[in-house]
Amino acid sequence: MGSMAAVLDTSAAPPGSAQQRIAPQLPTTARLFHATCAFAVQKLLLPPWIFLRKVKTYIISPGETYPDQIKAYPALKHLPIRIFLPPGYDRTSTKRFPVLLTIHGGGFVLGNPWDNDPWNRAFSSKHGYLVVSLNYSKAPGSPFPKPVYDLEALIQLVLADTTLPIDYDRIAIAGWSAGANLTLAVSQLDTVKLHVKAVVPLYPVVDFVPTQETKCAGRRYKPDLGGFRGKDKDFLLAMSPTFNWAYLNPGTDLHDTLLSPAHAKREVLPKNIFMIGCELDMLAPEAWRMICSLAGKRVPREDEVVGRQMMAKEGELITGNDDRYAWEEVIKMDGGARYKWLLVPDQVHGFDQDSIGHMVGNDVKCLKDAKMKTEKMIEIIGGWLDDVMDVDK
């Protein structure tokens, strides 16, 4: 639930059009339908799910992934953050730690910082980082660009917090889905870009211009996998029109780079970007095209399908000898930059989140594969950030 992202509704595009420039004003009946869906999810379905998550956290498995601190700054009391301290932290020491700021997903409508507690705890413990899980206001009450500026203000407060052991020379931002979009958006702002050495967007929505059909044309389908992964329709399609209506006010410029980072020039973004996509995700093609463009590589066609039809070995990532799955380009001009791509084979959007279990049900093979690949992906991300930010272990 916490990892869904918004996707453009094809009903908003002119007949025969593959793109559109501004967010349309939907008919009254459509607006009422989406408003009802958003209300039902936020007010009726989400609270019981949150309650069950808290029962699991506090009663069934207390302390395993819980943050070390939960803090709300007076200026943004409604946006508490969650802080994961590295294993070597000693409050009496002056030692500073590299920082990973993380931004949760949820289609800009759902989601909470605690959605990523297991991932954040695992990363902090594995790599010795101070991980801070950020927060932002949700649509439709806070449509674009409010969440971007929420995050800008919150990041400034975090970086000014003298109680945190921050190594100010080693700060990175990561996010998932809608949160990955927001990582690429907020890191364009001068107040944030000045401090950020690297960005890690995980299965982001980066372009609101192409229609839904165009996005689906580049997605890989593998019926032979069976179960949840073998379906012939992307699960993001169900709620994406509602997410889109909630986040985009009519008349919004869809080429705005804070909304569609794929249209940003290279110099506007941080110099080091590690883009991660999922092979069975309709958002993977646009992420692939964006990172190829930034790296100066051949940009795939909109209808060019990601990955390959053959299935990978269970739990394995394809990290060498196949540019469709993994590569890195180092650009030495203009101060240098690094752009890295990783496509996770045979997995869906949100595979690395606890909420995946609620979506796939008893698909044991999918869950086992997801867990193994999540662990390996966290290892790769940490190693790359260490290298990029020159972290001394």
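I began with K126, which at 53% relative accessibility counts as exposed, and I kept in mind throughout that this is a predicted model.

Next I looked up the partner of K126 and found that its side chain meets that of E379 in a salt bridge, with 3.1 Å from N to O. K126 belongs to helix α2 (residues 117–127) and E379 to helix α10 (residues 364–388), so this pair ties together parts that are 253 residues apart in sequence. For E379 I noted a relative accessibility of 39%, which means that it counts as partly exposed.

I then turned to D234, whose salt bridge with R219 has its closest N and O atoms 2.8 Å apart. Both residues lie in the loop between α6 (212–217) and α7 (240–247), so the pair ties together parts 15 residues apart in sequence. I checked the accessibility of each: D234 is buried at 2%, and R219 is buried with a relative accessible area of 5%.

A further entry concerns R229 and D369, whose side chains meet in a salt bridge at 3.4 Å, N to O. This pair links distant parts of the chain, 140 residues apart, with R229 in the loop between α6 and α7 and D369 in helix α10. I recorded R229 and D369 as buried.

I also traced one network, in which salt bridges that share partners join R298, R301, D303, E304 and R324. For the overall tally I wrote down 23 salt bridges.

Last, I went through helix α4 (residues 178–186), where 9 of the 9 residues are buried, so the helix is largely enclosed by the rest of the structure. Among them I listed N181 and T183, along with L182 and L184.

Definitions and conventions: Residues numbered from 1 in each chain as written. Predicted model: local features only at pLDDT ≥ 70, side-chain atom pairs only at ≥ 80, totals over all residues. Heavy atoms only, no water. Buried < 20%, exposed > 50% of the residue type's maximum accessible area, 1.4 Å probe, protein only. Helix = DSSP H or I, 4+ residues; strand = E, 2+ residues; numbered from the N terminus. Salt bridge = Lys/Arg side-chain N within 4 Å of Asp/Glu carboxyl O.
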